[in-house]
Amino acid sequence: MKAIVKPTNKLEGTINALSSKNYTTRYMLIAALAEGTSTIYYPAHSEDSDAMRRCIRDLGAVVEEDEEKMTIQGFGRNPKHVSELNVGNAGAVLRFLMSIAAFCPELTFINKYPDSLGKRPHDDLIDALQQMGIEIEHREGKLPITIRGGKPRGGKIKVSGNVSSQFLSSLLFMTPLLDEDSEIEVLHDLKSKVIVGQTLEVIAQAGVKIEATDDLMHYKIPGRQKYLPQKYVVQGDYPGSAAILAAAAVTNSDVKVLRLEEKSRQGEKAVVDVLRAMGVNLTHENGVVHVLGNQRLTAGEFDGDHFTDAVLAMVAAAVFAEGTSRFYNVENLRYKECDRITDYVNELRKAGADVEERQSEIIIHGRPQGVPGGVEINAHFDHRVIMALTVVGLRSEQGLVINDAHHVAKSYPNYFDHLLSLGAQIELVKE
């Protein structure tokens, strides 16, 4: 599908934030690892959550759902023995389930997206699982990956946090179920610590105890624990809402986004402060973010590691700010669905933005007058790129045509519907 994004001067209206993809996938996993039936209220509906739903069903969970909730009867530490799993293009789902697959005799994760997830590295998690006595067959750390397990053992485990926090999260979900106690040491650096905080939060909600140091680099995990069946309520999603808020910020707008908790542990909550620092007129009260955009933004410098999944949307806003903005400490963006630094910067340049890249930085020389647009650009099969480029298209002089825009469904299937309801001029064309 192509998205023909036309210049739009004003957005106006109120929408409900979609439910958090990160929390939904984590709740689904711990519900599957529980012995008994859990209920998840307001689960996200996206390609990623669909992938987790499909995979835990394949592994033996009983999943039922209606409009507002999902019930999951879990399999505990005894997943059904299946020969292969298809996680689609969902990197977090793959990584979380690689550890769970260690309880199976032999399981292969197949490669359905060779140009996206198929290019992403998983060596650090593979190395950690091998320390636990698991035999793994892989292609230089990439899919397809075959895990030969059955009896993973605890003990002292080391895992690098340089590339992704998902490797650590994967181990944290699995190790409490082992017969032995475990200690996990994170090597080098740990990216996206706030997302590890989300993992620890949902694990604790299921009654499992993990002792973590303040810097989140060392963990003690008692073995022989059980996840308890619980009721969970999924909060609104800041990463997806970031693009809506950015679109409101760069246009003349009066937009409210509901269900965004002020006390959320989502790191992307920081976008509210980022936009404020850029001079955007907004309030955040009672779970409602209200943006009154006037097209006047100022540049700033921001540590993007605190809000990884919202960096691209904030860069899109900075394209139209007065002065030079810098988003630093974002190297892990290179290891997502695409290289979210090089690929994104190249598409922004096509649209007429003045941007530079460093290994771990994106630098934007703002153009308050707008950018020319009028070109066809590629989404690189990446939902975050699609959402951010849409923001740029709305403020461009001649609009943008975004190829493969249907991949936005990975996290936010009704993204374009929400923008259209706010008055955005967008035409969706099937290819």
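User: Leaving aside neighbours within four places in sequence, with which residues is L348 in contact?

Analyst: In this predicted model, L348 is among the residues with the most contacts inside the largest nonpolar core. L348 also belongs to the buried residues of helix α10, residues 342-351. Once its neighbours within four places in sequence are set aside, the contacts of L348 are V315, V319, A353, V355, L389 and V392.

User: How many residues are in the second, separate core?

Analyst: Among the members of the second core are C55, I145, L171 and V202. This core is separate, and its residues number 76.

User: Against which elements do the buried residues of α10 pack?

Analyst: The buried residues of α10 are D343, Y344, V345, E347, L348 and A351. The elements against which the buried residues of α10 pack are α9 (311-318), β22 (354-358), β23 (361-365), β24 (375-378), α11 (383-395) and β25 (400-403).

User: Are α10 and α11 roughly parallel or roughly antiparallel to each other?

Analyst: Two packed helices are described by the angle between their axes and the distance between the axes. For α10 and α11 the angle is about 20 degrees, and the axes lie 11 Å apart. Angles under 35 degrees count as roughly parallel. The relation of α10 to α11 is therefore roughly parallel.

User: Which residues in α5 meet α6, and which residues in α6 do they meet?

Analyst: Helix α5 (residues 166-174) packs with helix α6 (residues 193-205) at an angle of about 10 degrees, the axes being 10 Å apart. The two helices are therefore roughly parallel to each other, and α5 passes α6 in a right-handed crossing. The contact has seven nonpolar, two polar and no charged residues. The residues in α5 are L168, S169, L172 and F173, and those they meet in α6 are V196, T199, L200, V202 and I203.

User: What is the omega of the cis peptide bond that joins L143 and P144?

Analyst: Most residues other than glycine have a negative phi, and most peptide bonds are trans. P144 has its place in strand β9, residues 142-148. The bond that joins L143 to P144 is cis, with an omega of about -5 degrees.

User: What is the relative accessible area of Y42?

Analyst: Although Y42 is not a glycine, its phi is positive, about 55 degrees. Y42 lies in the loop between β3 (37-41) and α2 (47-58). Y42 is partly exposed, and its relative accessible area is 37%.

User: Where is the place of D404, and what is its relative accessible area?

Analyst: D404 is not a glycine, yet its phi is positive at about 55 degrees. The loop between β25 and α12 (415-421) is the place of D404. D404 is partly exposed, with a relative accessible area of 23%.

User: How far are the C-alpha atoms of I377 and D404 separated?

Analyst: I377 sits in strand β24 and is buried, at a relative accessible area of 0%. I377 and D404 are 27 residues apart along the chain, and their C-alpha atoms are separated by 9.5 Å.

User: Does K336 count as buried or exposed?

Analyst: K336 is found in the loop between β21 (324-328) and α10. Beyond its neighbours within four places in sequence, K336 is in contact with R120, T308 and D309. The C-alpha atoms of K336 and G91 are separated by 8.0 Å, although these residues are 245 residues apart along the chain. Buried means under 20% relative accessible area. At 15% relative accessibility, K336 therefore counts as buried.

Conventions. Residues are numbered from 1 along each chain as its sequence is written. This is a predicted model: local features need pLDDT of at least 70, side-chain atom pairs count only at pLDDT 80 or more; totals for chains, interfaces and linings use all residues. Side-chain values use heavy atoms; hydrogens and water are left out. Axes are lines fitted to C-alpha atoms, for helices over the stretch in contact, and angles run from 0 to 180 degrees between N-to-C directions. Helices (H or I, at least four residues) and strands (E, at least two) are DSSP runs, numbered from the N terminus. Angles under 35 degrees count as roughly parallel, over 145 as roughly antiparallel, 65 to 115 as roughly perpendicular and the rest as oblique. A crossing is left-handed if the near helix is turned anticlockwise from the far one by less than a right angle, and right-handed if clockwise. Contact means heavy atoms within 4.5 Å. Ala, Val, Leu, Ile, Met, Phe, Trp, Tyr, Cys and Pro count as nonpolar, Asp, Glu, Lys and Arg as charged, and the others, Gly among them, as polar. A nonpolar core is a set of buried Ala, Val, Leu, Ile, Met, Phe, Trp, Tyr and Cys residues joined through side-chain atoms within 4.5 Å. Buried means under 20% relative accessible area, exposed over 50%, partly exposed in between (1.4 Å probe, protein chains only).
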